[in-house]
Amino acid sequence: MSFVNLRPPFFVRLCLCLALSCAPLAAVAQTAEEAFSRIRSSARTPDEAAIQKVFLKGYEAYAKRDGAALFSLFSEQSPYLPEFKLFLQQEFARNERVKIQSIRIIPVGYTQVEGDHATARVFIDIGALDADTGKPAEGFGEMEHTLRFIKEAGVWKVWQFVETAEELTRDLLAVATDEERARVLATKGEPFTGGLLNGLLNQAQALLEEKGNYEQAAVIYNVALHVAKQLNSPWGIGGATVGLGDVYSAQGDYLRAANNYQQIMKLAESLGSREGIAAVSVKMGNIHYQQGNYAQAMEYYQRSVKLYEELGSKVEIAYPLLSIGNAYFSLAEYAQALDYYQRSLKIYQQIYDKAGTAYLLNRIGDVYAAQGKHAEAIDNYQQSLKLHEALSNKAMAAYALNKIGDVRYAQGDYKEADALSTRAVELARINNSPEILWQSLTSAGRSSRALSQPERAGRAFSEAIAVIEQLRNRAVGPEQDRRLFFERRTAPYHALIDLLIAQNNFAEAFVYAERAKGRVLLDVLGRGRANIKGALTSDERTQEKRLNKTVVALNAQLKRETLRPQADTSRIAGIESQLRDARLEYDAFQTRIYAAHPELKIQRGEVEPLTLEGVAPLIPDTETALLEFTVTPEKVYLFVIAKSVETQINNHGGVEMKVYPLNVKLNELTNLTSKFRTRLAENTLNFRELARQLYDLLLRPAQAQINGKKILCIVPDGALWGLPFQALQPAENRYLLEDHALFYAPSLGVLRAMKARGTQSITALDTSQAAAPGASTIKIGARRLPTFRTLLAFGNPVLGKLVVAQARSLNRDGNLSALPEAEREVKSLTQFYNPAESKILTGGDAREETFKAEAGQYRVLHFATHGTFDDYNPMYSHLLLASTSADEDGFLEAREIINFNLKADLVVLSACQTARGRVGTGEGLIGMSWAFFVAGAPTTVDSQWKVDSASTTLLMANFHRLLAAQSASGTVRAGKAEALREAALKVLANPQYRHPFYWAGFVLVGDGN
């Protein structure tokens, strides 16, 4: 038995409902006698009149905080009286700074009297002020109660006090079909009131957040939505819609959740409701958080906190505070996470919110576990478990059990860990909690393996992966958002790879290594990109244009302020803050568009996983080897695949594979790779020892398979995306590039899809393009491509003071001087390509607007300009170009590139650090090259550091000359990777440029043949 709760029990219970309600309170506080005189006409009998007078006195006593008077109205024989006293004590304690301003009381229908027993339904509307702020207190408003009475010695006494919606919810959940629920609602729910609607929303949210029962919560939210529509209640419709979004989010259906939130965000914005915007902002932040976009999630959470602070919130602010803690925890900022968790916990404890308290104890336990403080972690988890079991919340109880199991595993108690994780799996499966389920399965698999039960471990890991694949198909947003999905979900893939390799099942281990890489790119290449422009309505197009113009305008404003003789740093900081907000709004708009248009969703998970047999077409001869790395938290593996010399035995399409566990830990590998790349980028001389050490660690074990191979395709993983393999030294004063041509790929599955897409492109051109008189062809590596235009090159654009100022404001250390060598570089390309089919743009002609208008018509794109990568948000990494249009800012950003439909077979980014970016676990390097891949280009040439202009000009001229020579001679074998190798070796041969700084900075990513 529970009583009405005048405060939100957890996670913004009433915020949205109250925020979107426009109905003011109609009556001021009144005595029971005054109120009775107003409603006397509804009483048909003396008993009814007496009963109404009792409940009116009760509400009057509540308004006066007179507990003794309230208790005097209760029957001393009532079994509910002790609970009511405890409830009232807690209610007065948490509302001690609240002043009741008004109570409106209306009996709902007639009071029913049967002998010495009676029942009354009462609608009340309470208005209250916070004594500290003078603003409306949180958690009050419209309610409906049911009171049961008993006549003792001729006097009516209260026997039971309950929220009407609580009993109605119990009755609705006791039946199985919608038809039966409709009958219950008609019999026991009508007439509908705003108080009943509020109560149903509270009950649904309690089922969701206290009990963790998603299916039942959905039932009651749908009933509440029906009632809200019958009452024509905008705030009720909004509350139910958001609640259903919460259910979808808890079930991992982020697309449907975002769609619901997007609807209510638009409503809140249209009403100018800051409370509503704050409430939905934190929920939109949760969508980004669940998909791994912590930066954008943090922006939403901070917006919510700011709005609640402006509104003087003391309760609702608790949820965004704990959400910020979650984001900090995921970023491994444990001190900040703990601070926000404790701030939020204090609020939930003050309002006696057991569900909120239990949740936060779990999260605080996570912090201690991450810090290795096992005793403190288990203490918090066990407190949380006890509370969640008392609340019957199976999902969060499963979470606590699994986390205790993880600590026991870390302590070496594998048997106890296995028992706890197994219990967690059972609860999560029963409750349909997919996020908790895959985590618990992964933990159970790990402990099973430690207990020498490999088959059981394999089943657990496989089921965890199956759950993740289902969740993956529900991810929402454009490609740049979905790329983050795997970052927190690769653990079961890596664990299964470890297990399969230990069992010598290398072929199956390779399949899972591939399944954990490059999945978003594989979706795009295999199934096509969503046509967002075509899906937008007229209003949405207008909004998209407005948001983009805001970003451009703020860029321009920031440029002007930066150029002032005496720059106002505070004003610049303010504009930069506005720019971040504008970017956030633009990104949020895109996510909302994908939620509102399900047709934009790419069907994922349908591309066949790459098997060892499927690799065969990627290896043209015995002189090519594929080297795929998998970096797990515990181990690093190298898969080496090449044509089998023994052609008599062909079990895997004529290829053979060997797997090498490498003797290096993750932290050591990360440190060595970073140190080596930094020494090359800074042109220091003390790099050789690291060059040999890294070769010995990563490639020496596979020396026998690598020997004699002319071409190596490298699939990096994790920190290895930052390693210039070409500069490793297999022997004294000899570089890997001297023996092998190298190219890189996000995964072999992506490489296969790139090749298939290129073939489809050629076929389409052959069948759809009639050759015009004088039209020619160009061969890039092995492919002859019918086309009308070949090369579009941009070099040394005139950036202007404004563009330079803005670029420097974003990259303070950048050298943005003119690039005369880059201009000579692109002009020299006319020697190798037919001038009639080429366009070379320099200075003021190298404009961003020209790229956007014409890039889709060329097969080769070349940029010799400044480039800047944004490690905070890689989709705002950019190439700097000239601009004369008010609609463009000269920043060709990655977020813009991915929206193009390019036909280019090759994109050369002869700019600084275009091979840099954010390395995402599972998806690989996210930056400029990734954006061009999404846009349709199968191959990019990128720089790994700030390259030297003169040596780059020499290298690029040789690269294009070699490509053109291959095309003219009809050489099919060499390809782009060999052309880049020979071009780099020519630079290396120059005594002035012997250091790898000059020739090793460029890598070819994608299809290198």
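A word on terms before I start: a helix here is a DSSP run of at least four residues, numbered from the N terminus. With that, Pro191 is in the loop between helix H7, residues 178-189, and helix H8, residues 194-209. The bond between Glu190 and Pro191 is a cis peptide, with omega about 0°.

This is a predicted model, so let me give you the confidence. The chain has an average pLDDT of 81, and 80% of the residues score at least 70. Two stretches fall below 50. One is residues 1-30, which still has 118 contacts in the model beyond near neighbours in sequence. The other is residues 760-788, with 51 such contacts.

The largest nonpolar core has 217 residues. Those with the most contacts inside it include Phe639, Ile641, Phe676 and Leu748. Helix H9, residues 214-231, contributes the largest share of this core, at 10 residues. There is also a second, separate core of 33 residues, with Leu70, Phe84, Ala120 and Met143 among them.

Let me stay with H9 for a while. At its start, a side-chain oxygen of Asn213 comes to within 3.2 Å of the backbone nitrogen of Gln216. Which residues of H9 are buried? They are Tyr214, Ala217, Ala218, Ile220, Tyr221, Val223, Ala224, Leu225, Val227 and Ala228. What do these buried residues pack against? Their partners are helix H6 (164-173), H7, H8, helix H10 (234-250) and H18.

With 18 residues at 1.5 Å a residue, H9 should span 26 Å, and the end C-alpha atoms are 25 Å apart, so the two agree. Just after the helix, Asn232 has a positive phi of about 55°.

Two other residues with positive phi are worth a look on the screen. Ala332 is not a glycine, yet its phi is about 65°. Ala332 is in the loop between helix H14 (318-330) and helix H15 (334-350). Buried means under 20% relative accessible area and exposed means over 50%; Ala332 has 44%, so it counts as partly exposed.

Ser392, also not a glycine, has a positive phi near 60°. Its loop runs between helix H17 (374-390) and helix H18 (394-410). At a relative accessible area of 43%, Ser392 is therefore partly exposed.

Conventions: Residues numbered from 1 in each chain as written. Heavy atoms only, no water. Core = buried A, V, L, I, M, F, W, Y, C linked by side-chain atoms within 4.5 Å. Buried < 20%, exposed > 50% of the residue type's maximum accessible area, 1.4 Å probe, protein only. pLDDT = per-residue confidence, 0-100. Contact = heavy atoms within 4.5 Å. Expected span 1.5 Å × (residues − 1). Polar contact = N/O pair within 3.5 Å; in protein donor to acceptor, adjacent residues only side chain to side chain.
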